[in-house]
Amino acid sequence: MSSIVLSILIAGFTSQAGIIVAVGAQNAFIIRQGIARAYVPQILTICIGADIVLISLGTAGMGSMVSAHPEVLKALTLVGAFVLLIYGFSAFKRVFETLMRLKNRLRMRKARAMALAGGGSLDDRELRGSNDDGGDGSQRNVADSMTVQSASSLRGSASASIAGSVESSGNEFQQGAQTTLRKSLLACLGFTFLNPGVYLDSLVLLGGIAASYGAGLKWSFAAGAMLCSVVWFISLGFLSSKMSKLFKNEYAWLVLDIIIGIMMIFIAAHLALR
């Protein structure tokens, strides 16, 4: 590979990096799916494939066609803003559902703690049990002993239940963050193709830069931009999957959904008002 081709390849890589490395709707969606470990390979395939197709079209000269029809981009902007708004409200809906689950779990733990406290008082009664009643005392001791065993059993099951609840809470929320393959793919397609920025960036901007290198070298620039997309999306999906260990706590999911909800609504408002 000649030094000229290599430099153009690097120029394509860095140009795409300046565009793609930003926390937008698509990247936020990939991060959440990666943390949930939900259909990450399929989603990355769509994102990488879409970038390769759009960069190819832009390099082939379709950027001028996009620039010639601003009304299409305007319509796409409004549709994209609506989709982002729906996803933002869905994130806040998940926040509400998470808060309700936390409230119910806290109520159950309080009930189990009360059951535990009741078991402790029965133990105390057994320790204070007297034999003042003569022959009746032995029968009372037998009855008290059976009651204490029952309370101990209750206390043991309550403790196991609390431990099991704490241990499984992360898995429950991680699984709850997942959705069906169809919904995940449709959401990914929406974030990818209903974003007018992707057409301006990939078709117009990158296509225009590629054209400046001439017919012989513009595909070297395009290859660098495509390589950047492959590296970025695979890295984003891999690192997000590694973060799943940090999200075994339901509060982490709560914070993530709040951030995503705010981000989606902010981007939707920005698109609608521009």
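At 47% relative accessibility, Arg-37 counts as partly exposed, a label for values between buried (under 20% relative accessible area) and exposed (over 50%), using a 1.4 Å probe and protein chains only. This is a predicted model, in which local features need pLDDT of at least 70 and side-chain atom pairs count only at pLDDT 80 or more, while totals for chains, interfaces and linings use all residues. Residues are numbered from 1 along each chain as its sequence is written, and side-chain values use heavy atoms, leaving out hydrogens and water.

Arg-37 sits in the loop between α2 and α3 (40–67). Helices here are DSSP runs of H or I with at least four residues, numbered from the N terminus. Arg-37 has a positive phi of about 55°, although it is not a glycine. Tyr-39, also not a glycine, has a positive phi of about 55°. Tyr-39 is placed in the loop between α2 and α3, and it is partly exposed, with a relative accessible area of 27%.

## A buried glutamine

Now look at helix α2 (residues 25–36), where you will find Gln-26. Gln-26 is buried, with a relative accessible area of 18%. Leaving aside neighbours within four places in sequence, Gln-26 is in contact (heavy atoms within 4.5 Å) with Cys-47, Phe-191, Thr-192 and Phe-233.

## Helix α7

Helix α7 covers residues 196–211, 16 residues in total. From first C-alpha to last it reaches 21 Å, close to the 22 Å expected at 1.5 Å a residue, where the expected span is 1.5 Å times one less than the number of residues. At the start of α7, a side-chain oxygen of Asn-195 comes to within 3.1 Å of the backbone nitrogen of Gly-197.

Several residues of α7 are buried, including Val-198, Tyr-199, Ser-202, Leu-203 and Leu-206. An α-helix has 3.6 residues a turn, so residues three or four places apart point the same way.

## The largest pocket

The largest pocket has a volume of about 620 Å³. A pocket is an open set of points on a 1 Å grid over the protein atoms alone, where a 1.4 Å probe fits, with protein on both sides within 12 Å along at least five of seven lines; lining residues have an atom within 4 Å of a point. The volume is the space filled by probe spheres set on the points.

Its lining has 28 residues, and Gly-24, Asn-195, Gly-197, Val-198 and Asp-201 lie nearest the centre. Among the elements giving two or more residues to this lining are α1 (3–20), α2 and α9 (250–273). Helix α7 gives the most, with 5 residues.

Definitions and conventions:
A polar contact is a pair of N or O atoms within 3.5 Å; within protein, one must be able to donate a hydrogen and the other to accept it, and residues adjacent in sequence count only if both atoms are side-chain atoms.
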